[in-house]
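Subject: Structure handover

Hello,

The structure we discussed is below, with notes on what turned up in it. Please read the notes with the model open.

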Amino acid sequence: MKKTIAFLAMALLSISEGLAYVTINGINYNLDWSAKTATVTQCWLLTGDITIPNTVVSGTTSFNVTAIESDAFELSEITSVTIEGVPTIGERAFYWCSQLSSVTLSEGIKSIGDYAFKGCSQLTSLHIPKSVTSIGKGITAECNKLVSITVAEHNGTYKAPDNCNAIIAEGYEKIIAGCDATVIPANFGFIADDYSLGTIGEEAFYGCTFSSINLPKGVVKIEDNAFVACNSLTDVYCESETPFQMGSTTNRPFNFKEGNITLHVPASAIGAYKATSFFNFFKAIVDLDTEVVSVGSTGMATYCSTHDIDFTEVSGLKAYIVSAFQPSSGKVILTRINDVPANTGLVLIGEEGTYQLPVRTSETVVSNMLVGVTRATTLNKEDGDYTNYILATKNDELGFYAVTDGSTLAAGKAYLPLPTAKLPASSRISFSFNDSDDVTTAINDIDKQTTSKAVYNLNGQLLRMPRKGLNIMDGKKVFKR
């Protein structure tokens, strides 16, 4: 008994003079009794809403909470967190907290470590307090629902000007972190005498789902992995006539393996970009005022651009909006459009191939049932009073079909919401055309028609035989599989 009492006394003495591990309000802390400080340590089993205070009390002793340790909440299923002035948020502190939808950072926080909020796929907004002076790389990587990033006024280290939804280093003009909603300011990177030094930081846009990004003239460097895992990125628009520097030879800033990214630069600079070895990894280098689109073997595709585009002089390709829905016939009406405003959902019809479209200012106001997306978007079959449809081929029949819950629509595509109460019995929504230069009323399957009649392409040229995709026979559009 005496030995047990002596042991407990020694243990209490060591706790009072050294370190101790305690749980307070469900959060685990390492306490330093000598310094009267505490750090938040591994809390992997927590769920729900939590608050991390700047002081805690154990027994009758108060401790200043100085840090959230690295990996402290990694994979915990917490839904919201409020951090009350804890100076340091460690690396990967909230790494892949996939249920975390709300983060409140209070004044007093000074440092946010690398990947602190990486993979927080439900997080929609992030505000950086005035007190923060150090932010690591990739803190918003793969936060796919993040649409608002702000920085407090008078933060002397970082800023987020013009509602750009990005964290930019004050004075140094470097983007530290961005999101799908980021719009890089036109004057980004410029300092006195028009000298530019804009940098897109390492992993700044890692895992974003946008289809295109606009880089203003001030961008001179893009660091390693800045746009890696941006699997929907197909177009990079760069205003600089001088090729920007890219990351190291082993860690480049884009997903080049897929070979699916087109670089748009000023026409006068195309040669300079092509002469720089790193730029050979792009699928193509084209005029800045050109958009590149592709149509597959069915001859139809949905599309949505972040730019105003013009189809007037494009040969072999036509663009349509959905102007009406006829429940009794189970058809939607496609109306042709040439002058297309940005973010307009379209149905493209043309021969299989790749097309270059002029980027021009549009003055058109569009009434359109199609919804275009510029980032990868998760769709459910029903959304309120509407059922969502996408263009697809099923049982060899091309049409609009209801999506499966949880389907992902790629960036740069469009979907069709139709009123559920007025849907026809058929699972397929077909098309009729309201097209002043076509006499067709529907798209039919060429495999079910005689091919003894004259066949034309969409430009009116006589063909020896039907081609894959859309053809014109007997005044009607038909497609060949």
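E313 is exposed, at 65% relative accessibility (exposed means over 50% relative accessible area, buried under 20%, and partly exposed in between, with a 1.4 Å probe and protein chains only). E313 forms a salt bridge with R360, and their closest N and O atoms are 4.0 Å apart (a salt bridge is a side-chain nitrogen of Lys or Arg within 4 Å of a carboxyl oxygen of Asp or Glu). This pair links distant parts of the chain: E313 is in the loop between β25 (309-310) and β26 (317-326), and R360 is in the loop between β30 (353-358) and β31 (371-373), 47 residues apart. R360 is partly exposed, with a relative accessible area of 38%. Strands here are DSSP runs (E, at least two residues), numbered from the N terminus, as are helices (H or I, at least four residues).

Before the rest, two notes on the basis. This is a predicted model, in which local features need pLDDT of at least 70 and side-chain atom pairs count only at pLDDT 80 or more, while totals for chains, interfaces and linings use all residues. Residues are numbered from 1 along each chain as its sequence is written, and side-chain values use heavy atoms, with hydrogens and water left out.

Other salt bridges

The structure holds 8 salt bridges. One of them joins K137 and E202, with the closest N and O atoms 3.4 Å apart. K137 is in the loop between β12 (134-135) and β13 (148-151), and E202 is in the loop between β17 (198-200) and β18, 65 residues apart. K137 is partly exposed at 27% relative accessibility, and E202 is partly exposed at 26%.

E223 also forms a salt bridge, with K174, at 3.2 Å between the closest N and O atoms. E223 lies in the loop between β19 (219-222) and β20 (235-238) and K174 in strand β16 (residues 174-177), so the pair ties together parts that are 49 residues apart in sequence. E223 and K174 are both buried.

A network of salt bridges links D71, E91 and R92. D71 is found in the loop between β6 (61-68) and β7 (77-83), and is buried with a relative accessible area of 16%. Beyond its neighbours within four places in sequence, D71 is in contact with Q42, W44, E91, R92 and A93 (contact means heavy atoms within 4.5 Å).

Cores

The largest nonpolar core has 86 residues, and those with the most contacts inside it include I52, I200 and F227 (a nonpolar core is a set of buried Ala, Val, Leu, Ile, Met, Phe, Trp, Tyr and Cys residues joined through side-chain atoms within 4.5 Å). A second, separate core of 20 residues includes V347, L398, L418 and I429.

Sheet

An open sheet is formed by 4 strands in the order β18-β20-β21-β22, with parallel pairing (two strands pair if DSSP finds at least two bridges between them). β18 (212-215) and β22 (284-287) stand at the edges with a single partner strand each, so one side of each is left without a neighbour in the sheet. β21 (residues 262-265) and β22 pair over 4 bridges, and I285 in β22 is the bridge partner of L263.

Cysteines

The search of the whole structure finds 0 disulfides (a disulfide is a pair of cysteine sulfur atoms within 2.5 Å). For C179, the nearest cysteine sulfur is that of C208, 6.5 Å away. C179 is buried, with a relative accessible area of 1%, and C304 is buried at 2%.

Regards
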